[in-house]
Amino acid sequence: MPKASTRSLTVAAKPADEKITINLGCVDLGQIDLLVQEGFYANRTDLIRTAVRNQLAAHGEAVKQVVARKTLTLGIHYFTKADLLSLKAARDKLNIRVLGLAVIDPDVTPELALATIESITVLGSLQASPAVRAALRTRIH
């Protein structure tokens, strides 16, 4: 079975950051604003990103163990039309399991995706055309 194409981050453009919304109590928000005002952080986003990175670093070993146990592929993975056509010719199917970003090229048709992708599990972000997403909706976990 052909492996998914993996492009170097130096070659491919950095994917857009995902936006999230969080609710904070007024006391927590006030403390964040105080730290920003006192120059510890450039802005609220800087503090929140730093806090998230610190927590991810603190739990880094646990993440590595879970990635290995769940056989997730870490990073950015591209699935091209050529990849999927090779799978179809071999009568093989993909079980996509990614921690990070999975990208199904826009030129992949819903029919080709259905013929070659058995399941998709993405912890992070999945980029695919609306038509491919709709076709695979029962296979995305």
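Start with D33 and R44: select both side chains, which meet in a salt bridge at 2.7 Å, N to O. A salt bridge here is a side-chain nitrogen of Lys or Arg within 4 Å of a carboxyl oxygen of Asp or Glu. D33 lies in helix α1 and R44 in helix α2, so the pair ties together parts that are 11 residues apart in sequence. D33 is partly exposed, at 30% relative accessibility. R44 is partly exposed too, with a relative accessible area of 39%. On this scale, buried means under 20% relative accessible area, exposed means over 50%, and partly exposed lies in between (1.4 Å probe, protein chains only).

A note on the model before moving on. It is predicted: local features need pLDDT of at least 70, side-chain atom pairs count only at pLDDT 80 or more, and totals for chains, interfaces and linings use all residues. Residues are numbered from 1 along each chain as its sequence is written, and side-chain values use heavy atoms, with hydrogens and water left out.

**Next stop: R49 and D17**

The structure holds 2 salt bridges. Select R49 and D17 for another one, at 4.0 Å from N to O. This pair links distant parts of the chain, 32 residues apart. R49 sits in helix α2 (residues 44-58), while D17 is in the segment before α1 (26-37). R49 is partly exposed, with a relative accessible area of 44%. D17 is exposed, at 51%.

**Zoom out to the whole chain**

Colour by secondary structure. How many helices and strands does the chain have? There are 6 helices and 3 strands. From the N terminus on, the order is α-α-α-β-α-β-α-β-α. The radius of gyration is 19 Å, well over the 14 Å that the globule rule gives for 141 residues, so the chain is more spread out than a compact globule. That radius is taken over C-alpha atoms, and the globule rule is 2.2 Å times the number of residues to the power 0.38. Helices (H or I, at least four residues) and strands (E, at least two) are DSSP runs, numbered from the N terminus.

Now show the surface. The chain exposes about 9,700 Å², and carbon and sulfur atoms supply 57% of it. These areas come from the Shrake-Rupley method with a 1.4 Å probe; for residues, only the protein chains shown count as cover. Of the 141 residues, 25% count as buried.

**Go inside: A113**

Select A113, in helix α5 (residues 110-116). Is A113 buried or exposed? A113 is buried, with a relative accessible area of 0%. Show the neighbours of A113: leaving out residues up to four places away in sequence, A113 touches V108, V132, L136 and R139. Contact means heavy atoms within 4.5 Å. Then pick V66, 47 residues from A113 along the chain; the two C-alpha atoms are separated by 28 Å.

**Last stops: two loops**

Select T71, found in the loop between α3 (60-69) and β1 (73-79). Its phi is near 50°, a positive value in a residue other than glycine. T71 is exposed, at 55% relative accessibility.

Finish at R91, in the loop between α4 (81-89) and β2 (94-104). Phi of R91 is near 55°, again positive in a residue other than glycine. R91 is exposed, with a relative accessible area of 80%.
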